[in-house]
Amino acid sequence: MARPRFEVRAQTGFTVMAVLTFGLLYLPIMTLVVYAFNDNDSIAIWKGFSLRWFRSAWNNQLVVEASIRSFQIAAAAAVLATVAATMAALATTRVTRPYRGLTFKYAFINQPLMVPEIVTAVALLIFFSRIKMWTGYTGLGYLIVAHTAFCIPFAYLPIRARLESMDLSLETAAADLYATPWNTFRRVTLPLLWPGILAGLMLAFVISLDDVVITEFVKSGGQDTLPTYMLGQFRRIVTPEINAISTVFLLLSIAIVTIFFFVSRKRA
Amino acid sequence: MPDKPDRNAIEVRGVSKIFGTGDSQVAALDDVSVSIRENEFFTLLGPSGCGKTTLLRLIAGFDFPTDGQILLHGDDIALLPPYKRPVNTVFQSYALFPHMTVGQNIAFGLEMLGKPKAEIAARVAAMLKLVKMEALRDRRTSQISGGQQQRVALARALAPQPKVLLLDEPLSALDYKLRKEMQIELKRLQHETGITFIFVTHDQEEALTMSDRIAVMSSGKILQVGSPRDIYDRPAERFVADFIGESNFLEAAVVASANGRATVRLASGTELAAALPEGFQPKDRVTVVVRPEQARLVREGGAASGVLENVVYFGTDTHFHVHLDAGGPFIVRQQNTRSGDAGYAPGDRVGVAIGEDAAQVLKD
C-alpha cells in the first residue's frame, strides 16, 4: 500500500481541534447520562447513585403512553416513507438519460429538507384542522401522514445512492434472461437494494421518533409523543426523570444503529 | 419473400436507429440490412462508435429501432421486449448477479421460463460441464476469477438454449493468453451447441480467427459482409482494407475491365491485373490495394520502383518500408529464413514485385 502523501494528523492544531469537537459532541450527552442516575430532585446537584428516576419514568403512565405512541407513529411513518422513497428512487434513477425536469423532481422529493420545518408545521396545522372539522376524525392518522411526508427524503437519499452505485446491466441481464419487469425487480433489484432500503427505513424511523416541531403543531389533545411530552415537562418542574428517559432513548438509538450495521454488513 | 426464411436465423431489414432529438440527432445505424444464417459464427466488426453494439442491442431488445424490421426465423421481433425474445446475451461486463451463486446465476433464465426443478438442475449441471466449471457451482460470483466469470456468463446465456447468442466484446477484459484460450473455447461451444453466435468486436484478429462471416461496420453502416478470407483478400472499400490488416494503396488508371477483373496502369507505367469488387463498374481512375505479404522486394524490375527507407525485423518476418518513385509509401513483408535476409539495406534502390492476383480494386 502506498503511503498517502497528505497526512491529516500531521496538520497543525489537529489534536486541539479533535478534542474540542469530540468534547462538544459527547460531554453534554455524558453529563445527561450521569445525572440520570442522580439520587436528587435537581438535575444539576449530584447527591448519589440511584435508579429511582428510571423507576419513576417506568411507572409514569404518561411516559409509557407517549413512548408507545411515538413508536407506533415512527414505525408506520418509516414503512410508508420507505415504500414511497423506494418508488421515487427507482423513478428518478432508472431513466436512460437525464431529461429536463429531473433536477426539479429531486428538489420536489427533497422539499421537506429545504422548507423550514415551522412553515410546514403551520401549514399542516391549518390544513388538517379543516379536515378534522369536515370529517370529525381526530386519530393518529394526521401525525402518521405528516411524519411520512417529512421522512421521505431521509429514506430516499440512501436508497437512491444505492441504486446509483448499482450496475444497470444487471437488470438488463435479468430482462435478457426472460425476467418480466416485476421478476427483475423482485429477484435482482430488490435483493441488491436491500441494504439501502434498510438504511432508509432506519433513518426515517429515527427522524420520526425525534420530531418535535411538526408533531407539536399537528397533534390533537392527548396525543403527546415522547419528545413533545418531554418538552411539556420543561415548562413545569424538571427532574432527572427527563435524563432517565433521554438515556433510554439514547441506548435505543445506539441499538438500532448497531443492528443496522451488522445486518447491512452481512448483506454486503 | 424471395429467399427461404428458415435458412436465416436473423434478418435485419432497413434498420435505422436515431438517438437524440432536434439538432442533436445522431444516426447510430443508418438503413442497415444484413442476414445472419442459421448456426453461423457471425461477427460485427468495426471501430468504437460504428454502431455494432447498437445493432446488437436492437437484436437483444434493449433498444428499439427507429425504422426497419428485425426478423427472427421470419417473425418480426423488433418491438418485442427482451424477456420475450429467445435470444440471450453475454455482456462485456459479464453482469453476473452478485447475490447469487454460480449455479443460481446459470439457473436464472430457466427459472424465469418456468421450467420444472429437475430439468433446471440437470441443465445447470450440463452447462457447468460444458464450460468446465463443475467444481465451482456453489461459489459466489465475486469469489471466482475473471476468466471463470466469463465462463459462467457464457453458461448462463446458453442454459435456456436460445435461438441466437449475442456476445458483446466478451473477451476484451481478459489478458492476452486467456483471450486466446477463450477464442478457441467459444468456437468449440458454438460448434457443440449449434447455436447461432453474433459476436461484436473491434479486434480484427479476433474477428478473422473466429468467424464464419464478418460484417465490417463504420459510421452506422455495414460496408462489407463476407468470410474472413473475402474480407481480407477482397476488401471492397478503402475503410475495410485499412481497418483489417496492413494495406498498400496505389493510384491507377483503368485500361480495361470485364467479368469482375480489370487491367490497370500504375503511376510507374506498369500494367497489372486486378480483381473488381462484386458488381462494381470502375471509372477511369481507381485505387488498388495490395497486402504487404503479397508483394516481394526485388533488385531490379517489379511493378514499381523506389528507395528502401527502413527495415524492421519482427522475428517471423521482416517489414521493408519503401518510398516509391511515384510518391507514397509501400510496405513489403517477407517471411524470414534462418539463412538470413537478402542483404537489403536502407538507401538501396529496389523494385516491388506484385504477385499474380494480389491486386484488388477498391470502390472508393
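In the predicted model, strands E11 (residues 248-258) and E12 (residues 261-266) of chain B run antiparallel and are joined by six bridges.

Strand E16 (residues 304-313) of chain B pairs with strand E19 (residues 349-354) of chain B. The sense is antiparallel, and the pairing extends over four bridges. Here B:Gly306 has B:Val350 of E19(B) as its bridge partner. E16(B) also runs antiparallel to strand E17 (residues 317-324) of chain B, to which seven bridges join it. In that pairing, B:Leu308 lies opposite B:Val322 of E17(B). E16(B) and E17(B) form a hairpin, with three residues between the strands. In its turn, B:Gly315 adopts a positive phi of about 90°.

A further antiparallel pair in chain B consists of strand E9 (residues 213-218) and strand E10 (residues 221-226). Five bridges make up this pairing. B:Ala215 faces B:Val225 of E10(B). The hairpin of E9(B) and E10(B) has two residues between its strands. B:Ser219 takes a positive phi in this hairpin, near 45°. Strands of a sheet pair through backbone hydrogen bonds, in either a parallel or an antiparallel sense.

At the level of domains, chain B divides into domain 1 (5-233) and domain 2 (246-361). Taken over C-alpha atoms, the centres of domain 1 and domain 2 of chain B are separated by 39 Å.

Chain A has a helical architecture, with twelve helices and zero strands. The order of elements from the N terminus is α-α-α-α-α-α-α-α-α-α-α-α. Along the principal axes, the C-alpha atoms of chain A fill a box of roughly 70 × 65 × 30 Å.

Helix packing in chain A was examined for one pair. Helix H3 (residues 61-93) and helix H9 (residues 181-210) of chain A pack at an angle of about 140°. Their axes are 8 Å apart. The two helices, H3(A) and H9(A), are therefore oblique to each other. Their crossing is right-handed. On the H3(A) side, the contact is made by A:Ser70, A:Ile73, A:Ala74, A:Ala77, A:Ala78, A:Ala81, A:Thr82, A:Ala85 and A:Thr86. H9(A) contributes A:Ile197, A:Gly200, A:Leu201, A:Ala204, A:Phe205, A:Ser208 and A:Leu209. Eleven of the residues in this contact of H3(A) with H9(A) are nonpolar and five are polar. None is charged.

The contact between the chains takes 15 residues from chain A and 16 residues from chain B. On the side of chain A that touches chain B, the elements giving two or more residues are helix H8 (168-176) and H9 of chain A. H8(A) gives the most to this side, with six residues. The residues on the chain A side comprise nine nonpolar, four polar and two charged.

Key:
Residues are numbered from 1 along each chain as its sequence is written. Chains are lettered from A and ligands numbered from 1 in the order in which they are written. This is a predicted model: local features need pLDDT of at least 70, side-chain atom pairs count only at pLDDT 80 or more; totals for chains, interfaces and linings use all residues. Axes are lines fitted to C-alpha atoms, for helices over the stretch in contact, and angles run from 0 to 180 degrees between N-to-C directions. Angles under 35 degrees count as roughly parallel, over 145 as roughly antiparallel, 65 to 115 as roughly perpendicular and the rest as oblique. A crossing is left-handed if the near helix is turned anticlockwise from the far one by less than a right angle, and right-handed if clockwise. Two residues are in contact if their C-beta atoms, placed from the backbone, lie within 7 Å. Ala, Val, Leu, Ile, Met, Phe, Trp, Tyr, Cys and Pro count as nonpolar, Asp, Glu, Lys and Arg as charged, and the others, Gly among them, as polar. Domain bounds come from an automatic or database domain assignment. Two strands pair if DSSP finds at least two bridges between them.
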